[in-house]
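Look over the sequence and the model shown here before reading on. The paragraphs that follow go through side-chain pairs, a helix packing and some backbone details.

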Amino acid sequence: MKPKEIERSLPFLRINQRAKPRKRGLTEIRGPYYSLIGRRYLEDLFELMAEYVDSLKFAGGSFALMPKAAVRKLIELCHHHNVLVSTGGFLEHVLVQGSDAVRQYIAECKRLGFDIIEISAGFVSISTDDWLRLIELVRKSGLKAKPEVGIQFGAGGATPAAELQTEGTRDPNWAIAQAKRFLEAGADIIMIESEGITENVDPWRTDVPAKFIDAIGMDKLMFEAADPDVFAWYIKNYGTDVNLFVDHSQIVQLECLRAGIWATKSLWGRVVTYRE
């Protein structure tokens with residue numbers, strides 16, 4: 001659908017321009033999981049902020065509990081506002097039920113209208129070759145493959161920090177090597193899991209995002225940053241063009257920061273862009 005031009009209030013004030021469609025500075029918001037999001041809530045959100053949302057991600061397999069008609073209506077509403085829809089990492093739950101279940105799951109997601117299948121392995125152990133086969137299956141189904149990689153085993157599902165510490169972390173270089181292979185296989189973009197980097201870890205592993213960006217570049221990476229301090233840190237260090245995943249409740253705060261119109265003391269008046 002061709003995006004409609006919107007007339008922003010106070011158009012005489014200069015802001016960092018961010019028109020859709022865009023290939024960088026993407027924002028994905030979390031859908032129903034920690035809080036309920038129905039059609040009426042989403043209509044209100046998009047009425048005000050659709051211009052700043054690029055995709056919506058269902059979390060925790062929440063759509064598996066919902067009436068099929070309701071899921072389709074939510075997806076149709078997103079598409080009406082030029083917002084792509086992701087399954088979230090539910091595929092790893094389906095994986096333990098066998099290959100037939102995986103194929104049925106991907107086919108049904110296609111019928112429901114999803115655009116993106118996120119491929120996660122926070123709680124399961126699979127080989128890189130298995131990841132590549134899943135990417136190929138998703139792409140052959142006409143959907144975008146979005147692998148989620150990270151350094152923390154057991155990430156996801158709000159696992160307590162003490163439990164994660166007992167699991168330890170992976171070598172970031174291994175995760176980067178995997179991400180490169182996934183992109184070479186046709187993955188659309190890589191989601192970087194926050195746990196072990198900026199979530200449930202002290203101090204933050206700020207070296208890890210830097211290594212990913214140095215090896216791959218920002219355009220093909222999206223960082224999970226569902227905490228204001230975290231997304232402010234990413235913008236402070238990498239600018240407005242960094243791709244971020246946040247909670248739906250944070251979209252206004254994040255976009256005010258991207259636009260350069262509001263921020264905490266450390267970023268007040270300092271988030272700027274240069275465009276020809």
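Is Lys211 buried, partly exposed or exposed? At 34% relative accessibility, Lys211 counts as partly exposed, because buried means under 20% relative accessible area and exposed over 50%, with partly exposed in between (1.4 Å probe, protein chains only). This is a predicted model, in which local features need pLDDT of at least 70 and side-chain atom pairs count only at pLDDT 80 or more, while totals for chains, interfaces and linings use all residues. Residues are numbered from 1 along each chain as its sequence is written, and side-chain values use heavy atoms, with hydrogens and water left out.

Side chains of opposite charge can pair when their charged atoms come close. A salt bridge is a side-chain nitrogen of Lys or Arg within 4 Å of a carboxyl oxygen of Asp or Glu. Lys211 forms a salt bridge with Asp207, at 3.8 Å from N to O. Both residues lie in helix H8, four residues apart, which is about one turn of the helix. Helices (H or I, at least four residues) and strands (E, at least two) are DSSP runs, numbered from the N terminus. Asp207 also meets Arg205 in a salt bridge, here at 3.0 Å from N to O. Asp207 is partly exposed, with a relative accessible area of 28%, and Arg205 counts as partly exposed at 26%.

The structure holds 16 salt bridges. One of them joins the side chains of Lys144 and Asp188, at 3.9 Å from N to O. Lys144 lies in strand E5 (residues 144–149) and Asp188 in the loop between helix H7 (172–184) and E6, so this pair ties together parts that are 44 residues apart in sequence. Lys144 has a relative accessible area of 34% and is partly exposed; Asp188, at 33%, is partly exposed.

Helix H8 also packs against helix H7. Two packed helices are described by the angle between their axes and the distance between the axes. For H7 and H8 the angle is about 35° and the axes are 10 Å apart. Axes are lines fitted to C-alpha atoms, for helices over the stretch in contact, and angles run from 0 to 180 degrees between N-to-C directions. H7 passes H8 in a right-handed crossing; a crossing is left-handed if the near helix is turned anticlockwise from the far one by less than a right angle, and right-handed if clockwise. Contact means heavy atoms within 4.5 Å. The residues that make the contact include Ile176, Ala179 and Leu183 of H7 and Val208, Lys211 and Phe212 of H8.

Which kinds of ring pair can be found? The structure holds 14 aromatic pairs. Rings of Phe, Tyr and Trp (its six-membered ring) pair if their centres lie within 6.5 Å; planes under 30 degrees apart count as stacked, over 60 as edge-to-face and the rest as tilted. The rings of Tyr33 and Tyr34 have centres 4.6 Å apart and planes at 70°, so they form an edge-to-face pair. Tyr33 counts as partly exposed at 39% relative accessibility, and Tyr34 counts as exposed at 53%. Trp204 and Trp233 are also edge-to-face, because their planes stand at 85°, with the ring centres 6.3 Å apart. Trp204 lies in the loop between strand E6 (190–192) and helix H8 (207–216) and Trp233 in helix H9 (residues 228–238), so the pair ties together parts that are 29 residues apart in sequence. Trp204 is partly exposed at 31% relative accessibility, whereas Trp233 is buried, at 17%. Elsewhere, Phe58, Phe63, Phe90, Tyr105 and Phe114 form one aromatic cluster.

Another cis peptide bond runs from Lys20 to Pro21, with omega near -5°, and Pro21 lies in the segment before strand E1 (27–30). Asn82, in the loop between helix H2 (68–80) and strand E3 (84–86), has a positive phi of about 60° although it is not a glycine.
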